[in-house]
Amino acid sequence: MDIFAAISIFMEDLIFATHNENKVKEVAAVLNHRFEIRSLSQLGITTEIEEPYETIKENAIEKARVVEQLTGLNCFAEDTGLEVTALHGEPGVKSARYAGENRDF
């Protein structure tokens with residue numbers, strides 16, 4: 001039995017702390033669609049989760065912590081950022097906000 005089969009005995013749904021449906025599709029594909037990956041939107045969570053930290057790791061942990069507190073369910077999260085040399089490492093962890101309020105995925 002592989003690790004995915006062993007995990008699926010205990011869990012069929014995974015909560016992904018994201019509103020980005022493209023990321024949900026990508027993760028589902030990487031996991032060979034062995035799990036139903038649920039986004040925050042699919043759970044009815046429409047608020048944006050704050051990303052107050054200066055590192056990608058800390059922000060991902062914060063997202064997972066907040067979603068676990070809101071739902072009582074285990075989840076996983078990620079955070080991404082672009083570090084552009086010509087911009088002296090910017091936008092970094094603020095990549096999503098760098099495009100302004102009217103950004104989209």
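Modeller: We will take the labels in turn and set each value against its cut-off.

Biologist: What makes up the fold?
Modeller: The model is predicted. The protein has 4 helices and 5 strands. From the N terminus on, they run α-β-α-β-α-β-β-β-α.

Biologist: How do you know where confidence is lowest and where it is highest?
Modeller: Look at the mean pLDDT of the elements. Helix H1, residues 3-10, has the lowest mean, at 48. Helix H2, residues 21-30, has the highest, at 94. The protein as a whole has a mean of 82. Where pLDDT is low, the coordinates should not be read in detail.

Biologist: Why is the pair of lysine 23 and glutamate 78 called a salt bridge?
Modeller: The rule asks for a side-chain nitrogen of Lys or Arg within 4 Å of a carboxyl oxygen of Asp or Glu. In this pair the closest N and O atoms are 2.6 Å apart. That value is within 4 Å, so the pair is a salt bridge. The pair links distant parts of the chain. Lysine 23 is in helix H2, and glutamate 78 is in the loop between S3 and S4, 55 residues apart.

Biologist: What else does glutamate 78 touch, not counting residues up to four places away in sequence?
Modeller: Besides Lys23, glutamate 78 touches Phe16, Ala60 and Lys63.

Biologist: Why do glutamate 36 and arginine 38 count as a salt bridge?
Modeller: Their closest N and O atoms are 3.9 Å apart. The limit is 4 Å, so the pair counts.

Biologist: How do you know whether leucine 82 is buried or exposed?
Modeller: Exposed means over 50%. Leucine 82, in strand S4, has a relative accessible area of 56%, so the residue is exposed. Leu82 also forms a nonpolar surface patch with Val84 and Leu87. Together they have about 240 Å² of accessible area.

Methods: Residues are numbered from 1 along each chain as its sequence is written. This is a predicted model: local features need pLDDT of at least 70, side-chain atom pairs count only at pLDDT 80 or more; totals for chains, interfaces and linings use all residues. Side-chain values use heavy atoms; hydrogens and water are left out. Contact means heavy atoms within 4.5 Å. pLDDT is the predictor's confidence in each residue, from 0 to 100. Helices (H or I, at least four residues) and strands (E, at least two) are DSSP runs, numbered from the N terminus. Patches are made of residues with over 30% relative accessible area and no salt bridge: like charges are joined within 9 Å, nonpolar side chains (Val, Leu, Ile, Met, Phe, Trp, Tyr) within 5 Å. Accessible areas come from the Shrake-Rupley method with a 1.4 Å probe; for residues, only the protein chains shown count as cover. Buried means under 20% relative accessible area, exposed over 50%, partly exposed in between (1.4 Å probe, protein chains only).
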